[in-house]
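Please consider the sequence and the three-dimensional structure shown below. The paragraphs that follow lead through selected residues and elements.

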Amino acid sequence: MKADYRQIAADILEAIGGKDNVDKAAHCVTRLRLSLKDQSLVNEAKVKEADLVKGAFENSGVYQVVIGAGDVERVYAEFIKLAGLEAATVAEVKSSGGKKMNPLQKLVKVFSDVFMPIIPAIIVAGLLMGINNLLASEGLFVEGATLIEEYPNLQGLWDLVNMMANTAFVFLPALVGWSATKRFGGSEVLGIVMGLLLVHPDLLNAWGYGQAALEGDVPTFNILGLFEIEKVGYQGQILPILAAAFILSHIEIFLKKHVPNAIQLLVVPITTIVITGFLALSIVGPLTRGLGNLIATGIVNVFEAVPVVGALLFGLLYAPLVVTGMHHLFLAIDLQLIAETNGTFLWPMLALSNIAQGAAALAMFLVFKHDAKQKSMASTSSISAFFGITEPAMFGVNLPNKFPFYSAMIGSAVAAVFITLNDVQAFAVGVGGLPGFLSIFTDKILIFIVGMVIALVIPFVLTLVLSKRYMKKGEIEQNKVA
């Protein structure tokens with residue numbers, strides 16, 4: 001039966017206090033994001049009774065209704081029509097509802113606002129790199145040779161896919177520059193220019209800089225004979241462009257306030273780019289690169305010193321961090337680790353956590369024997385989780401019943417410890433679920449698959465076992481309609 005998206009939107013709107021209670025509305029991949037004038041007017045039980053709604057909660061001043069990928073866009077389109085609102089971005093809704101945030105929440109919000117728009121490009125690049133990695137791996141499909149060596153006609157295809165795969169990572173500062181400048185209130189096109197400046201071909205990449213540093217021959221810009229700036233690029237780096245975009249936006253905003261309108265187009269862009277570019281290459285870039293190195297080295301050292309404790313905590317706590325929205329910080333850390341060490345050991349654990357949530361939701365499909373709606377929600381949300389989108393499974397199935405969520409956390413923690421002890425790393429960020437093996441270094445793919453099996457089996461079995469205990473107490477019946 002086809003969903004009536006207009007009726008669903010109307011039901012949600014009524015349950016949250018009507019259109020007069022909505023300030024702004026946006027949506028992400030799976031959720032409606034609403035900035036409400038008065039949270040006390042929300043009838044949460046009624047919100048959750050609406051068709052397709054898998055859960056609802058308030059976080060950092062934003063009321064979020066979990067609907068699911070695809071459906072959320074259609075519900076949103078009807079919602080803003082009924083509410084008489086203009087379409088808004090997630091960043092605008094968060095800004096509207098962000099007045100109640102503490103400093104940590106505001107920091108997380110910045111990372112979320114910057115990285116959410118560019119995640120598709122990063123995931124696509126990761127998937128393509130994974131496919132390329134399989135084609136070029138010696139002994140994986142053909143003994144003692146790669147597929148390209150065995151079938152030379154694949155070389156052209158490999159080169160093309162490799163170029164496509166590398167594009168998002170080579171020009172990552174440009175993507176971040178666009179998104180970050182938009183977030184900080186500057187002109188997006190200037191953010192793109194600044195990002196491209198930091199990866200200009202005239203600047204050394206990381207490998208070239210390493211070689212030049214060893215030889216003591218790093219090229220420089222000689223500035224009027226007064227001082228020199230090293231010709232070093234920031235390919236794959238996050239912090240330099242984040243800081244540069246912040247500075248650029250504030251310089252541009254300042255200039256627009258003080259430069260006469262008649263000459264703004266001539267004065268503001270060039271002044272903004274020249275000042276920010278100079279600061280980025282001379283001061284901001286070197287400082288933030290050093291800070292990024294410290295962060296990456298610190299995380300690596302912690303996991304080398306106490307790998308079991310680190311993996312146990314990360315595997316156990318990643319899902320709760322998703323609930324709070326703090327998981328967005330880890331994308332920046334993953335990209336920093338990849339830039340500094342050529343691989344990340346955090347992302348594989350993230351993928352296993354998503355798989356564990358999916359496995360627990362799948363087990364609940366068997367638990368909900370006589371409830372067709374709950375069975376449908378459990379099955380569809382588990383599939384979504386297996387492909388990296390866990391919100392429907394967590395908010396619609398696992399969290400309301402509690403024990404599936406805890407079972408998934410336990411399974412995720414055990415799997416995380418296993419792959420960490422076996423030094424499993426990813427060379428790129430890909431789809432955080434079953435296709436995640438494509439982003440793993442080929443010599444560790446089989447070990448990662450074993451980790452996937454652990455993340456599937458433990459939550460699934462544990463959920464089924466615990467369900468018998470909760471059935472006796474009648475808590476599943478109570479929770480499933482909560």
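**Salt bridges, buried residues and a surface patch**

Arg6 is partly exposed, at a relative accessible area of 44%; here buried means under 20% relative accessible area, exposed over 50%, and partly exposed in between (1.4 Å probe, protein chains only). The model is a predicted one, in which local features need pLDDT of at least 70 and side-chain atom pairs count only at pLDDT 80 or more, while totals for chains, interfaces and linings use all residues. Residues are numbered from 1 along each chain as its sequence is written, and side-chain values use heavy atoms, with hydrogens and water left out.

Arg6 forms a salt bridge with Glu78, the closest N and O atoms being 3.0 Å apart. A salt bridge is defined as a side-chain nitrogen of Lys or Arg within 4 Å of a carboxyl oxygen of Asp or Glu. Because Arg6 belongs to helix α1 (residues 5-15) and Glu78 to helix α3 (residues 71-83), the pair ties together parts that are 72 residues apart in sequence. Helices (H or I, at least four residues) and strands (E, at least two) are DSSP runs, numbered from the N terminus. In contrast to the partly exposed Arg6, Glu78 counts as buried, with 18% relative accessibility.

The structure holds 5 salt bridges. Another of them joins Asp113 to Arg183, with the closest N and O atoms 2.8 Å apart. This pair also links distant parts of the chain, since Asp113 is in helix α5 (residues 103-115) and Arg183 in helix α9 (residues 172-184), 70 residues apart. Asp113 is buried, at a relative accessible area of 7%, whereas Arg183 is partly exposed at 26%.

A further salt bridge is formed by the side chains of Lys256 and Glu252 (3.3 Å, N to O). Both residues lie in helix α12 (residues 239-258), 4 residues apart, which is about one turn of the helix. Lys256 is partly exposed, with 41% relative accessibility, and Glu252 is buried, with a relative accessible area of 3%.

Attention now turns to an annotated position. In an unreviewed entry, UniProt lists Cys28 under "active site"; UniProt positions are given in the numbering used here, feature names are shortened, and annotations may be inferred rather than shown by experiment. Cys28 is located in the loop between β1 (22-27) and β2 (31-36). Its relative accessibility is 9%, so Cys28 counts as buried. Leaving aside residues up to four places away in sequence, Cys28 touches Arg33, Val72, Val90 and Met116, where contact means heavy atoms within 4.5 Å.

Helix α16 (residues 346-367) has 22 residues and should span 32 Å at 1.5 Å a residue, which agrees with the 32 Å between its end C-alpha atoms; the expected span is 1.5 Å times one less than the number of residues. Of the 22 residues of α16, 19 are buried, so the helix is largely enclosed by the rest of the structure.

Asn398 is part of helix α18 (residues 391-401). It is buried, with a relative accessible area of 0%. Among the residues that Asn398 touches, not counting those up to four places away in sequence, are Gln357, Ala360 and Ala361, together with Ala393, Pro404 and Phe405.

Finally, the surface itself deserves a look. Leu446, Ile449, Val453, Val457, Val461 and Val465 make a nonpolar surface patch of about 510 Å². Val465 lies in helix α20 (residues 445-473). Patches are made of residues with over 30% relative accessible area and no salt bridge, like charges being joined within 9 Å and nonpolar side chains (Val, Leu, Ile, Met, Phe, Trp, Tyr) within 5 Å. Accessible areas come from the Shrake-Rupley method with a 1.4 Å probe, and for residues only the protein chains shown count as cover.
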